[in-house]
Structure formats: C-alpha cells, structure tokens
Amino acid sequence: MRQSQFLIPTIKENPADADVQSHRLMLRAGLIRQIASGLYTWLPLGLRVLRKLEKILREELTRSGAQEVLMPVVQPSELWKESGRWEKMGPEMMRMSDRHGREFCLSPTHEEVITDLFRHEIHSYKQLPCNFFQIQTKFRDEIRPRFGVMRSREFIMKDGYSFDIDQTSFDKSYQEMYDCYSRIFTRMQLDFRAVEADTGNIGGSNSHEFQVLASSGEDTIVYASEGDYAANLEKAIAGPADPRPDPTETLEKVATPGQTTIAAVAAFLDVPRQRCLKTLIVHGENSLIALVLRGDHELNELKAAKLPGVTVPLSFADEAAIEAAVNCKPGSIGPVGLALPLYVDESALAVADWVAGANEEGFHYRGGNWGRDVPEDGVSAADFRNVVEGDKAPDGQGELKFLRGIEVGHIFQLGNIYSAPMMATVLDKNGRSIAPIMGCYGIGVTRLVAAIIEQNHDEIGIIWPEPVAPFLVHIVPLNYGKSDRVRETADGLYQTCIDENMEVLMDDRDERPGVKFADADLIGIPHRITVGDRGLKKGKVECRSRTDNETIEVSVADVLDRIRG
C-alpha cells in the first residue's frame with residue numbers, strides 16, 4: 001500500500017480528552033475516530049489490526065473444533081423473557097420497539113439466541129459436544145464510556161458457546177477453550193495471566209479471566225509468589241489466618257468523642273488499625289445485617305452480596321435506618337450486644353483484644369474478645385474482604401502479590417441456567433430428556449487492540465508485535481519525488497515485498513524526512529527501511545526495528561532477507 005493513497009490522519013499533539021496511552025495513540029496514529037460518546041469509526045490502519053486479530057481467533061477456534069455462526073445484533077424480547085433476563089438486565093441493555101410495537105434489544109450478549117438455535121437444531125446426545133462461536137457487534141449502554149475502545153458502548157466481541165451432555169464432557173470442552181485462549185494470546189505475543197474470576201451478570205459458577213498485564217489496567221490481579229494460584233481481586237481468597245491469641249485484656253468502655261473512623265479511633269486510642277473492628281450495616285431479606293471486618297481491610301462487595309440473607313444487589317443501610325435499628329449512628333457501632341444478624345470476616349475472628357464501637361455515640365470498647373464478650377455461636381464466619389498483598393496464598397505456596405491487568409477474555413461455566421428455562425434439551429442414550437451443560441467464552445476484539453497498545457508502546461508511539469501489526473514493513477524513501485535512484489530502489493523493494501506476500505506500506509508522500517520518521521515511529525510498523533541517496537552511494541539502505549529502535553546499514557540485496565530472519 002502506498003501511503004499517499006492510504007488514509008492515516010496522524011495527529012501531532014495528544015488529544016485533551018484521552019486519559020490512557022492506548023486511547024491517545026489510537027487517535028494520534030489514525031486508527032479510530034469518535035462520532036459520539038463510546039462510539040468509534042475504525043479507519044483503514046486500525047481495521048487492518050482488527051482483521052489480523054480476527055484471523056488468529058478464527059484459526060485457533062477452528063483448530064479447537066468450534067464452528068462459526070453469525071447471529072443478529074437485534075434480538076426479540078421474548079427470548080430474554082424466557083431466560084428471565086429481560087427484567088434483570090439494567091439500563092446497559094438498549095431496548096426498543098419496532099413499527100408493530102414488538103419489543104427488541106440491541107445485543108449485549110448472545111446466550112439466549114444461541115440457546116434458541118440449539119433447541120431447534122440439536123436433539124440427540126449423539127450431536128454433542130458442540131461448540132459455536134461468532135465475531136459480532138455488541139452494544140452496552142455504559143453509563144460512563146471511557147478509555148477509548150477499552151470501555152466503549154459499541155464493540156466487537158468474539159463470543160462462543162458450548163453444549164455438553166454431562167460434567168465430564170463439559171470439563172474437557174472448558175479446558176479446550178482455556179488452552180485455545182492461551183494459544184491465541186501467546187500468538188499475539190502478549191504477556192497475560194489467566195485468573196479465577198466472578199461470573200457477574202452472565203451467571204453460572206466457575207469462570208476464568210484472561211488479563212493482559214499493563215500498569216494502566218483497571219483490574220487488580222492477585223497471584224501467589226511461589227505457586228500457580230491467580231485470581232482477580234473480586235474473587236481472590238487468602239490462606240487461613242494464624243490462630244487467635246488468648247485474651248490479655250478486659251473489656252473496657254472508653255469515651256471517644258468525635259472519633260468516628262477507624263483511622264481516628266486507632267490514633268486516639270494508640271492501637272494499630274488491624275486490632276480495630278469496623279461494622280458495616282447492609283439490608284437483608286428480613287432485617288438489617290451487620291458485617292464485621294478488621295479495620296485495615298476493605299469489604300469485597302461481590303463476596304458480601306453472596307452471603308445468605310443479604311439482599312442482591314448489595315445495599316448499604318442509610319443513617320436513618322441504622323439509628324432506627326440500633327439507636328446509634330454508624331461511627332460507633334460494634335458487635336458487643338448488637339441485636340442484628342452478625343457476619344464476621346474470618347480474619348476479624350482471628351483478632352484478640354480488639355477495639356470496636358460500643359453502640360453508643362462517642363464511645364468504644366477496647367479489650368474486646370470473641371467468645372467472652374460476643375458469643376461465637378451467635379456469629380457467622382465468612383470470607384467477605386478484599387485480600388491484601390502479603391496475605392498467605394490459599395494453596396500455601398508463598399504470599400499474595402498484586403499486578404494490574406486489562407481483561408480481554410472471559411470463559412464461564414454456565415451449567416443449565418439458560419438451557420433449562422428455555423427448554424433446550426436433548427435425549428440421552430436412555431431416551432431421557434436432558435438440559436445440556438453450557439459454557440460461554442468471550443474475547444473483546446476491539447478492546448484487545450487497546451490492550452496490545454497498552455503493553456507495547458513507548459514515548460514516541462506504538463510498537464506492534466509482528467503477528468498483529470497492520471503491515472510488516474514500512475519503506476521510507478527520502479526525496480522520493482526528486483531522486484530517480486531513491487524512487488527506483490524504493491519501488492523495487494516495494495514490489496518485491498508484494499511479490500513475496502510481505503505486507504508493506506511505502507511512504508511515497510512529498511513530506512520532509514522528520515515528518516516521515518515521526519509518523520513511522522507513531523504508527524509502529526515492526527520493520528522500517530529508509531532509502532536515501534547517501535546510503536545508496538554505498539549500495540546500502542537503513543534497516544530499523546521498532547522494538548529496539550536499532551538502526552543498521554544493510555545492502556539493498558540483503559535487506560528483505562534480514563527482515564525475514
């Protein structure tokens with residue numbers, strides 16, 4: 001492709017509304033343009049990258065045995081009502097009506113549609129297992145689209161769905177998709193981790209996220225320093241706490257005027273925050289519920305929402321409701337004598353001689369102990385905190401450490417939460433009607449472009465890994481329009497690349513060398529060949545790799561062999 005005929009509208013300055021490097025660079029390098037909040041047009045250079053990713057996806061998914069289909073973006077409400085999600089899905093789902101008044105939505109995902117296809121076309125266990133995938137547009141009306149295509153409203157996703165007759169068969173299908181995803185991201189030369197994750201709105205039980213490691217990532221990845229354990233922060237658990245020490249203090253009620261936060265109380269009483277307890281009050285199905293944590297720990301809301309009796313979604317009680325229930329404001333609440341159902345985090349149960357609110361404004365207890373001051377048969381122990389760095393790994397292999405990551409893929413075990421209510425069944429070998437076990441497998445294709453850039457850039461531009469680069473070779477001739485020797489050599493190299501199926505971009509524009517070099521660094525094609533009169537006098541051209549920015553002189557005859565090598 002000749003650059004004079006290829007739309008690459010580069011920008012010199014960083015856009016003011018771009019918050020992360022991938023967004024800045026995708027705009028500056030002319031990959032995308034925004035038309036409304038969270039809606040982007042993909043320009044030729046960006047689209048070439050998307051197509052590279054899709055090619056890798058199709059090759060590896062086909063290798064795994066998955067079959068490609070294409071399902072509609074617009075979906076009828078009836079399917080979503082069958083699964084029970086029409087009412088459950090929030091405002092992220094764009095609903096609309098056609099001219100006949102029938103309700104439809106713009107697809108945020110395709111579980112219902114694929115299940116409908118399955119129930120009409122698959123009838124016998126002999127047709128299982130089966131696995132279908134598509135690469136299709138999705139729409140989710142994000143309340144606050146941000147970070148460019150990282151969190152946009154319209155995006156391209158590869159989503160896949162498997163159907164198995166029993167758990168043993170499903171485990172094989174799930175592992176095959178796990179391995180397939182690992183191959184995909186390895187081929188893209190990404191540094192990634194597969195981690196245990198929460199299933200979120202999709203539902204089901206087990207799931208794994210595939211996270212591209214990047215300092216700008218929204219997600220916190222938790223991993224064991226010496227073992228294989230890895231999970232995102234929402235799902236991560238720590239190893240068991242050390243045994244609780246024996247009590248050494250007696251319970252004492254002390255005045256703490258104006259001290260309503262853990263930090264303030266700890267400083268006022270000169271005790272470490274880990275010996276203070278904080279009590280949070282949430283709504284339950286039958287009454288308010290108290291959640292007790294160590295003062296230096298944070299509540300994990302996803303874990304807390306799964307506690308028996310807690311309302312979903314998790315909802316914190318306001319000050320008026322708390323005062324009506326316990327006759328005390330939130331800053332002085334504690335477990336001693338608290339007449340509410342009580343969940344205590346396991347790490348808080350391991351604390352002795354603790355400080356906690358006295359359920360009287362302006363007072364706290366110090367020297368509190370479980371069993372003696374709060375009967376342990378009256379509390380429910382559970383894990384509902386965020387882990388912290390330095391916690392024991394749950395498998396006993398070292399301690400927990402943190403990384404930042406960008407979620408680019410997610411695989412789920414759905415069970416039969418869609419197949420059963422939608423009556424998608426097959427006959428087993430005994431003639432019984434069975435709702436198959438489903439799996440769901442997603443990769444955010446447009447988001448993946450941004451994640452690749454977040455992991456592969458420097459201060460001057462993008463550094464594309466070869467397998468996903470829009471072009472392999474960038475020929476930059478100097479004085480192309482004025483020097484016959486430069487033009488003939490550049491045209492010869494360009495044609496040789498085309499003849500040998502090497503994807504090539506040639507900058508034949510009438511621009512100064514500085515402009516050409518800056519644009520070349522910005523768009524980040526892996527190999528740059530600079531053709532100039534000075535080098536050609538020696539029969540040489542300059543070859544530069546974008547990964548290390550090393551420039552060497554190579555003979556014209558050998559330069560393409562060097563790139564191949």
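Me: In which strand does Lys278 lie?

Reply: Lys278 lies in strand β14, residues 277-283. Strands (E, at least two residues) and helices (H or I, at least four) are DSSP runs, numbered from the N terminus. This is a predicted model, in which local features need pLDDT of at least 70 and side-chain atom pairs count only at pLDDT 80 or more, while totals for chains, interfaces and linings use all residues. Residues are numbered from 1 along each chain as its sequence is written, and side-chain values use heavy atoms, with hydrogens and water left out.

Me: Why is Lys278 called buried?

Reply: Buried means under 20% relative accessible area, exposed means over 50%, and partly exposed is in between (1.4 Å probe, protein chains only). Lys278 has 16% relative accessibility, so Lys278 counts as buried.

Me: What makes the pair of Lys278 and His297 a polar contact?

Reply: A polar contact is a pair of N or O atoms within 3.5 Å; within protein, one must be able to donate a hydrogen and the other to accept it, and residues adjacent in sequence count only if both atoms are side-chain atoms. A polar atom of the Lys278 side chain lies 2.5 Å from the backbone oxygen of His297.

Me: Which residues is Lys278 in contact with, leaving aside neighbours within four places in sequence?

Reply: Contact means heavy atoms within 4.5 Å. Among the residues that Lys278 contacts on this basis are Ile262, Leu291, Arg294 and Glu298.

Me: How many disulfides does the structure hold?

Reply: The structure holds zero disulfides. A disulfide is a pair of cysteine sulfur atoms within 2.5 Å. For Cys105, the nearest cysteine sulfur is that of Cys440, 15 Å away, and Cys105 is in no disulfide. The sulfur of Cys130 is 14 Å from its closest cysteine sulfur, also in Cys440, which is too far for a bond.

Me: Are Cys105 and Cys130 buried or exposed?

Reply: Cys105 has a relative accessible area of 0%, so Cys105 is buried. Cys130, at 7%, is buried as well.

Me: What makes β13 and β18 a pair of strands?

Reply: Two strands pair if DSSP finds at least two bridges between them. Strand β13 (residues 252-255) and strand β18 (residues 363-368) are joined by four bridges and run antiparallel, so by the definition they pair. Lys253 has Tyr365 in β18 as its bridge partner. Strand β17 (residues 354-357) is also antiparallel to β18, with three bridges. There, Trp354 has Gly368 as its bridge partner.

Me: Why are β27 and β30 said to stand at the edges?

Reply: Five strands form an open, mixed sheet in the order β27-β26-β28-β29-β30. β27 (504-506) and β30 (551-555) each have a single partner strand, so one side of each is left without a neighbour in the sheet. β27 pairs with β26 (residues 473-477) in the parallel sense over three bridges. His474 stands opposite Leu505 in β27.

Me: Which strands does helix α13 lie across?

Reply: Helix α13 (residues 513-523) lies across β26, β27, β28 (527-531) and β29 (540-545).

Me: Where is Gly524, and why is Gly524 called buried?

Reply: Gly524 lies in the loop between α13 and β28. Its relative accessibility is 0%, so Gly524 counts as buried. Leaving aside neighbours within four places in sequence, Gly524 is in contact with Ile462, Ile463, Trp464 and Arg546.

Definitions and conventions:
Axes are lines fitted to C-alpha atoms, for helices over the stretch in contact, and angles run from 0 to 180 degrees between N-to-C directions.
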